[in-house]
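Here are my notes on the model you sent over.

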Amino acid sequence: MPRINRDGVGIYYEVHGDGPPLLLTHGYSSTSAMWHGQVDALAKDHTLILWDMRGHGQSDYPDDPKAYSEALTVGDMAAILDIVGANSTIIGGLSLGGYMSLAFYRAHPERTRALLIIDTGPGFRKDDAREAWNARALATADKLDREGLDVLKAATRERATASHRNAKGLALAARGMLTQRDAAVMELLPEIKVPSLIVVGADDTPFLAASDYMAAKIPGAQKVVIPAAGHAVNIDQPKAFIDAVVPFLKNLPA
C-alpha cells in the first residue's frame with residue numbers, strides 16, 4: 001500500500017495505468033474507493049492517481065485539530081504528485097474533492113493541466129451563506145462525535161459503504177476541511193486559464209445553481225448535467241459519467 005509521510009501523517013494513495021496524469025479526490029466522508037468503478041476506463045489512457053484525504057479511509061487520523069485544513073489538503077495533493085513524478089496534471093474531484101481541486105489550482109496553477117469539477121460548489125461570497133454551511137459542517141462533526149460511524153449509514157450510497165477506521169478523524173476533517181473561511185476560491189473562477197469540465201447530477205439539487213455559476217464564471221468551461229443522478233454522479237450513472245469525461249480528456253491540448 002503506497003503511503004507518503006507528511007510531517008508524521010501517513011497519506012494513502014494508489015496509482016493505476018499509464019499516460020498523462022489524472023488526480024481524483026473523493027468527497028467528504030467518502031474514500032478513494034468511490035472511483036474504483038472508473039479505474040478501467042480512466043486508466044486506459046492516463047496515469048490515474050487516487051488517494052484518501054486525512055481522517056478518511058486508509059490515511060491517518062491525527063488527533064490534532066490543526067492537522068486538518070484546506071492548505072494541508074492541497075499540500076497532500078502536491079506531495080503525492082511529487083512522489084509519482086507528475087508535473088502537469090489533470091486535477092479533479094467530487095464535492096469537497098472538487099472544491100479542493102479548485103483550491104489546488106489557486107495554489108499551483110502551473111501544475112494544473114485541466115480541471116474536472118464534479119457535484120461541487122465554489123464556496124460562498126456572502127458571510128451568512130458561508131456561516132450556514134459551516135454550521136451544517138460543525139453539526140455533522142458533533143453528530144459523528146456522539147454517534148460514531150453509524151451516522152454514515154443513513155448517508156448517500158458512496159458514503160454509507162465507505163470504510164473508515166474511526167469517526168474522530170472525520171469529525172476533525174469536517175471542522176478543519178469542510179468548513180470555509182473566505183471567498184478566495186469563488187473569486188478565483190474568472191482567472192482560471194485551463195480547460196475545465198463541470199459535471200453535475202440532474203437530481204443533485206443543492207449543487208445545480210453552483211454548477212451553473214462556475215460554468216458562467218470559468219472562461220470556456222464546459223458543463224454536463226447527467227440525468228437520473230444525484231450527488232455521487234459517477235456511482236449513480238457510471239456509463240454516462242465516463243461518456244461525459246472521456247471526450248473532454250481526449251480533446252485536451254497536448
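The points below go from the sheet to the helices and then to a few single residues.

1. Ground rules. This is a predicted model, so I took local features only at pLDDT of at least 70 and side-chain atom pairs only at pLDDT 80 or more, while totals for chains, interfaces and linings use all residues. Residues are numbered from 1 along each chain as its sequence is written, and side-chain values use heavy atoms, with hydrogens and water left out.

2. The sheet. Eight strands form an open sheet in the order β1-β2-β4-β3-β5-β6-β7-β8, and the pairing is mixed. The edges belong to β1 (3–6) and β8 (222–226); each has a single partner strand, so one side of each has no neighbour in the sheet. From one strand to the next the twist averages 20°. On terms: strands (E, at least two residues) and helices (H or I, at least four) are DSSP runs numbered from the N terminus, and two strands pair if DSSP finds at least two bridges between them.

3. Around β6. Strand β6 (residues 112–118) pairs in the parallel sense with β7 (residues 196–201) over four bridges, and L116 stands opposite L197 in β7. β5 and β6 are also paired in the parallel sense, over six bridges, with I90 opposite A114 in β6. Six of the seven residues of β6 are buried. Buried here means under 20% relative accessible area, exposed means over 50%, and partly exposed is in between (1.4 Å probe, protein chains only).

4. α3 on the sheet. Helix α3 (residues 96–107) lies across β3, β5 and β6, and runs at about 145° to β5. Such angles run from 0 to 180 degrees between N-to-C directions, and the axes are lines fitted to C-alpha atoms, for helices over the stretch in contact.

5. α2 against α3. How do these two helices pack? α2 and α3 meet at an angle of about 75°, and their axes are 9 Å apart. They are therefore roughly perpendicular to each other. The contact (heavy atoms within 4.5 Å) is made by E70, T73, V74, M77, A78 and L81 of α2 with Y99, M100, S101, A103, F104 and A107 of α3. By class, that is nine nonpolar, two polar and one charged residues. For the classes, Ala, Val, Leu, Ile, Met, Phe, Trp, Tyr, Cys and Pro count as nonpolar, Asp, Glu, Lys and Arg as charged, and the others, Gly among them, as polar.

6. α4 against α6. Helix α4 (residues 127–147) packs on helix α6 (residues 167–178) at an angle of about 165°, with the axes 8 Å apart. That makes α4 roughly antiparallel to α6. The cut-offs are under 35 degrees for roughly parallel, over 145 for roughly antiparallel, 65 to 115 for roughly perpendicular, and oblique for the rest. The contact has 10 nonpolar, no polar and three charged residues.

7. How enclosed is α6? 10 of its 12 residues are buried, so α6 is largely enclosed by the rest of the structure. Among the buried ones are A167, G169, M177 and L178, and the cover includes α2, α3 and α4.

8. H46. This residue is in the loop between α1 (39–43) and β4. H46 is buried, at a relative accessible area of 9%. Not counting residues up to four places away in sequence, H46 touches H16, G17, D18, G19, P20, L22, I90 and L249.

9. V9. V9 lies in strand β2 and counts as buried at 8% relative accessibility. V9 and D60 are 51 residues apart in sequence, yet 5.8 Å apart in space, C-alpha to C-alpha. Leaving aside neighbours within four places in sequence, V9 is in contact with I4, R54, D60 and P62.

10. Two aspartates to check. Phi of D7 is near 55°, a positive value in a residue other than glycine, and phi of D119 is near 45°, also positive. D7 lies in the loop between β1 and β2, whereas D119 is in the loop between β6 and α4. Buried or exposed? D7 is exposed, with a relative accessible area of 79%, while D119 is buried at 0%.
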